[in-house]
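Here is a short briefing on salt bridges in one protein model. Look at the charged side chains as you read.

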Amino acid sequence: ALRRQNEDFLNRFIVEIPNDEQRRDRPKREQKGGERRALATLESFLFKRGACFSQNISSPNTSWTSCSRLSAYLSWGHISLRHVVHALRHRQEELRQQKTQGEDIGPWLKSLQAFSSRLHWRSHFMQKLESEPELEKRDLCPAYQHLRRQEGDWNENRFQAWSSGKTGFPFVDACMRCLLQHGWINFRMRAMLISFATYNCWLDWSNKKLSAHMARVFLDYEPGIHYPQLQMQAGTTGINAMRVYSVTKQGKDQDPDGVFIRRHVPELERVPSEFVHQPWKMSLAAQQKCKVRIGKCSKDSTCDDWEIYPAPIVDEQESARVAKAKIAELRKQESTKIMAQAVYQKHGSRNGRRDAVPRAKNADKVTTTQRPQPKITRHFAKAAQEQPIVHVDKKGNEREKTKGSTTNLQTRTVLPAVRDDGNYPKGPGRTSHHGVRERPDKRKNFFQPVTRTETRLKKARVECLDREGCWSCKACTFLNENPLGLACTICGTE
C-alpha cells in the first residue's frame with residue numbers, strides 16, 4: 001500500500017514537468033556526481049585551469065574550462081563550501097610565498113581573488129532568500145509589482161520560442177540550447193537570457209513557466225541564487241541598475257567567429273561569419289548560396305534540402321527601448337525611491353561600490369554608494385543623543401560630560417573597590433588598611449575608582465521600554481518608538 005501511494009505521488013508530480021526530454025537525464029551532460037569528482041574538479045581548477053579565470057569568465061567558449069565548474073557539486077552537497085574556501089586560501093598562501101621568492105606566478109592571484117569574491121556573493125544571495133522567502137513569488141521592491149503582469153503582457157509564443165532556443169537571435173538560441181543539452185553555462189550568458197526574456201520579450205520573471213523552466217535546465221539550481229538573480233536581471237529589486245543586454249553585441253564580443261553558435265545551432269553552420277550573428281540580413285541570393293532559409297519558406301520556393309531558421313521574434317532595439325522607458329518612468333516616482341531606500345537598508349551591499357539607489361527628496365544628501373549600511377546600534381545611539389553621560393573622575397566625583405565641557409553633577413565621593421586580597425588599592429595620599437599613610441607612587445596610579453557610567457544605548461533602551469506604545473520588532477529586535485508604525489524602522493518587517 002505504501003509503495004502504491006509513493007507511485008501515485010510521483011505520477012502526480014511528474015505531470016508538472018511539461019517536456020518529456022526534461023524528465024530524463026541529459027545525454028550530453030559532461031559533469032557526473034560524486035565527492036571524488038568534486039575534489040578532482042577543485043584540484044584541477046586551483047592548480048591548472050584557474051590561472052585565467054578572471055580573463056575568460058565572460059565568453060561561453062573559454063569559460064567552459066576556465067571557470068571552476070564547482071557550482072553543481074556545491075548545490076548537490078557533493079563538496080562543502082567550507083572545504084572549497086580552505087583549499088582556496090591554502091593555495092593563495094602558497095602562491096604568495098612563491099611570489100616572494102621571485103617566481104613568476106602569472107595571473108594566478110588575481111584570478112583566485114576574483115573566484116573568492118564570487119564565493120562570497122554566492123552566500124550573499126542565499127542569505128537574501130533566507131531573510132525574505134517571499135522573494136520567490138513577489139518583487140523585492142513592491143513598486144514594481146504591477147510590471148509585466150497586466151492583461152496581454154504574457155506572450156505564450158514568445159515564451160515557447162525563448163525556452164526552446166528558436167527566437168531568431170543566434171547567440172540567444174545557442175545559449176539556451178547549450179543549457180538544454182548540458183545544464184550549465186557561464187553567468188554572463190545566463191544573465192543575458194533572463195534580460196532578453198524580461199526586457200525584449202517583456203515576460204514576467206515570477207511566472208511559474210519562466211522561473212520553473214530555468215530551474216529545471218540548470219544542473220546547479222540553487223533557490224537562494226535563482227530567485228534573487230531573476231529579480232536582479234529583470235530590474236525589479238529597486239537597488240540595482242537596469243541590465244539590458246544587447247544580444248547581438250554580446251554575440252559579436254564573446255563569440256566573434258561564431259564557433260559557439262555553429263556548435264549549438266547547426267542550422268547556421270554554413271552561414272558566413274559576417275552574417276552568423278544577424279542571419280536575417282542575408283539576401284535571398286546569399287540564403288540560396290548557403291542553403292539556409294530565414295523564416296518560413298514561401299509556396300513558390302522549394303526548401304527540401306535547406307536548413308530552416310526562424311526570423312527574429314521581436315525588434316531588438318525597439319523592444320529594449322520601450323522596456324527601458326517603462327522601468328525608467330517608474331524609477332523616477334517619489335514612492336518608488338522611498339521603497340527602494342527601505343530595500344537598501346535591509347538587502348543593500350555593504351561595500352557600496354556597485355549600484356546606486358534612487359534618492360528621495362527627503363533623503364540624506366550623501367549618496368548611498370558613499371554611505372555604508374547602518375547598524376542597529378547607530379539607531380539606538382541616535383535615539384539617546386540627549387541623554388547625559390555620567391562618569392566618575394579620579395577623585396571619585398560624578399560628572400556629566402558633554403561635547404565641549406564637563407560640569408559637576410553632584411559632589412559625592414565613591415569608595416574604591418576592594419582588591420582580591422581584601423585590601424584597598426593604594427594611591428597618592430591614600431591611607432592603607434593598616435592606618436599608615438602611604439607615599440604617592442609617581443610611577444603608577446593604582447587608584448582605580450568604581451566606574452558608574454551609564455551608556456547612551458542602555459538608557460535609550462530602558463526609557464523606550466517605559467514609554468507607552470513602544471514595540472520590539474520580531475525580526476531584528478529593534479525597539480521602535482512610533483506606536484502607529486506599520487513596519488520596523490530598521491529591517492522593514494511589517
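Glu132, Glu134, Arg138 and Lys346 are joined in a network of salt bridges. The model is predicted. Across the whole structure, a search finds 14 salt bridges.

**The network**
- Arg138 has 25% relative accessibility, so Arg138 counts as partly exposed.
- Buried would require a value under 20%.

**A buried pair**
- The side chains of Arg177 and Glu267 also meet in a salt bridge, with 2.9 Å from N to O.
- Arg177 sits in helix H9 (residues 170-182), while Glu267 sits in the loop between helix H14 (259-264) and helix H15 (284-290).
- The pair therefore ties together parts that are 90 residues apart in sequence.
- Arg177 is buried, because its relative accessible area is 12%.
- Glu267 is buried as well, at 14% relative accessibility.

**A partly exposed pair**
- Asp305 and Lys291 form a salt bridge, and their closest N and O atoms are 3.2 Å apart.
- Asp305 belongs to the loop between strand S1 (292-294) and strand S2 (307-309).
- Lys291 belongs to the loop between H15 and S1.
- This pair therefore links parts that are 14 residues apart in sequence.
- Is Asp305 buried or partly exposed? Its relative accessibility is 47%, so Asp305 counts as partly exposed.
- Lys291 is partly exposed too, with a relative accessible area of 35%.

How values were computed. Residues are numbered from 1 along each chain as its sequence is written. This is a predicted model: local features need pLDDT of at least 70, side-chain atom pairs count only at pLDDT 80 or more; totals for chains, interfaces and linings use all residues. Side-chain values use heavy atoms; hydrogens and water are left out. A salt bridge is a side-chain nitrogen of Lys or Arg within 4 Å of a carboxyl oxygen of Asp or Glu. Buried means under 20% relative accessible area, exposed over 50%, partly exposed in between (1.4 Å probe, protein chains only). Helices (H or I, at least four residues) and strands (E, at least two) are DSSP runs, numbered from the N terminus.
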